[in-house]
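These are my notes from working through one model, entry by entry. I began with the ligand and then turned to the domains, a helix and the core.

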Amino acid sequence: MIVYKLINLNRKINIRGIIREEEPLNKHTSFRCGGCADLFAVPADEEDLIQLLRELKEMNIPWFILGGGANVLVSDKGIRGMVISMENLDDVSLKEHVLTVGAGMAVSDAAAYAADQGLEGLEFIYAMPGSVGGALWMNARCYDSEIAVVLRGATILNAELNKEYIPFREEDWEYKKSPFQNRNCIILSAEFSLKQGKSEDLWTRMLEIRRDRDEKGHFRAPCGGSTFKNNRAFGAPSGKLIEEAGLKGTRIGGAAVSEWHGNILINENDATAGEISDLIKLVQDKVYRQTGFLLEPEVLKVGEWEEDGDAESD
Ligand SMILES: Cc1cc2nc3c(=O)[nH]c(=O)nc-3n(C[C@H](O)[C@H](O)[C@H](O)COP(=O)(O)OP(=O)(O)OC[C@H]3O[C@@H](n4cnc5c(N)ncnc54)[C@H](O)[C@@H]3O)c2cc1C
């Protein structure tokens, strides 16, 4: 295991944005747990990001792209190499009904911007945590829609660090799957095809959605949203299967299956990532024994993990 330290690099990383060492990732993820990134960068803009990636490539330093951190469980041992925050890539521009948004912008802000312009299509994603890049990567879905429905195309950086435009093709997208998951790339921006709407109506819908999320307890405790994917073949949503297995309120250390929703596992009391991971495993095992269905986690375990289920806090 290599721990990357600036002092050992024998050269400066020349970017305009921020570079930090040993950055605690609990500050950057919605689960609020996990270890440090050896190195952490916030490039100033797209050009700065490309410069950074070129340098990392030359120095053979691995990197991980972090959006809003709303769907990742970072290991207690942290992430080796550099974690790159996309937060400054948040430009937005509008041409007729096509909204182009930087990957680092919060999806909720993109929906708010569109609604202010009287453009319809992104309301469903208002109040969902995370960035535009993360929503594309995950093919985020909620309130009877998904990001693929309004996507016209995306500009990415490919493995050679060249810009490429990827037009939307229906066959590349499935439930919780996007074409970006199968290739080594960084999403720079997204183009959404929106329709003319009435700003006031769009805001009414968005505030309803926000209220509904509040009532469902999405923001009551640190979490990653739904922990498991739903699977039609299981005949019921994952949350219901978990509830029927009697698992609501089950706890391992500071991690808990929330009392209000079976599919929301929370960091209730300073949980380690290992405890949350162990709870994920426990829920999977119990539901499997009871129903024969193996729940597939939606939350992504990232960083340095050993085997599934070994609490790294030990
Ligand atoms: C309270 C709560 C409610 C939620 N509700 C929903 C919901 O209703 N529907 C839903 O689908 N999800 C939901 N989620 C999960 C989460 O909001 C989504 O998965 C979101 O799309 C994650 O985006 P992010 O920017 O936080 O991605 P991150 O968690 O930062 O990253 C997720 C993955 O995307 C990759 N990635 C991120 N940005 C880029 C980029 N620019 N280029 C390449 N790869 C990138 C990362 O490397 C990582 O592999 C919820 C989460 C929370 C905490």
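**Entry 1: the ligand.** Between which domains does the ligand lie, and why? I worked on a predicted model throughout. I looked up which domains supply the shell: domain 1 (6–85) and domain 2 (92–215) both give residues to it, so the ligand lies between them.

I then listed the shell itself. The ligand is surrounded by 33 residues, and the closest are G67, G130, G133, G134 and G225. Two or more residues of the shell come from each of β3 (63–66), α3 (132–138), β9 (141–142) and β13 (186–193). Of the elements, α3 contributes the most, with five residues. Sorted by class, I recorded 20 nonpolar residues, 12 polar ones and one charged residue in the shell.

**Entry 2: the domains.** I noted the division of the protein into domain 1 (6–85), domain 2 (92–215) and domain 3 (232–302). For domain 1 and domain 3, I found the C-alpha centres to be 29 Å apart. I also looked up the contacts across this pair: 12 residues of domain 1 are in contact with 11 residues of domain 3. On the domain 1 side, strand β4 (residues 72–74) gives the most, with three residues. That side of domain 1 has seven nonpolar, three polar and two charged residues.

**Entry 3: helix α2.** Which residues of α2 are buried? In this helix, residues 107–116, I found V107, S108, A110, A111, A114 and A115 to be buried. Their arc around the axis is only 160°, which means that they are on the same side of α2.

I next asked what covers the buried residues of α2. The cover includes β7 (98–102), β8 (119–120), α3 and α5 (199–215). After the helix comes G118, and I recorded its phi as positive, near 75°.

**Entry 4: the nonpolar core.** I turned to the largest nonpolar core, which has 85 residues. Those that touch the most other members are A111, I125, V132, I187, A190, L265 and I276. One of them, A111, is among the buried residues of α2.

With its neighbours within four places in sequence left aside, L265 is in contact with C223, T227, A255, V257, I276, L279 and I280. I noted that I276 is in contact with L265 and is itself listed with the core residues that touch the most other members.

Methods
Residues numbered from 1 in each chain as written. Predicted model: local features only at pLDDT ≥ 70, side-chain atom pairs only at ≥ 80, totals over all residues. Core = buried A, V, L, I, M, F, W, Y, C linked by C-beta atoms within 7 Å. Buried ≥ 20, exposed ≤ 12 C-beta atoms within 10 Å, placed from the backbone. Contact = placed C-beta atoms within 7 Å. Near = placed C-beta within 6 Å. Helix = DSSP H or I, 4+ residues; strand = E, 2+ residues; numbered from the N terminus. Nonpolar A, V, L, I, M, F, W, Y, C, P; charged D, E, K, R; others polar. Domains from an automatic or database assignment. Arc of directions from axis to C-beta.
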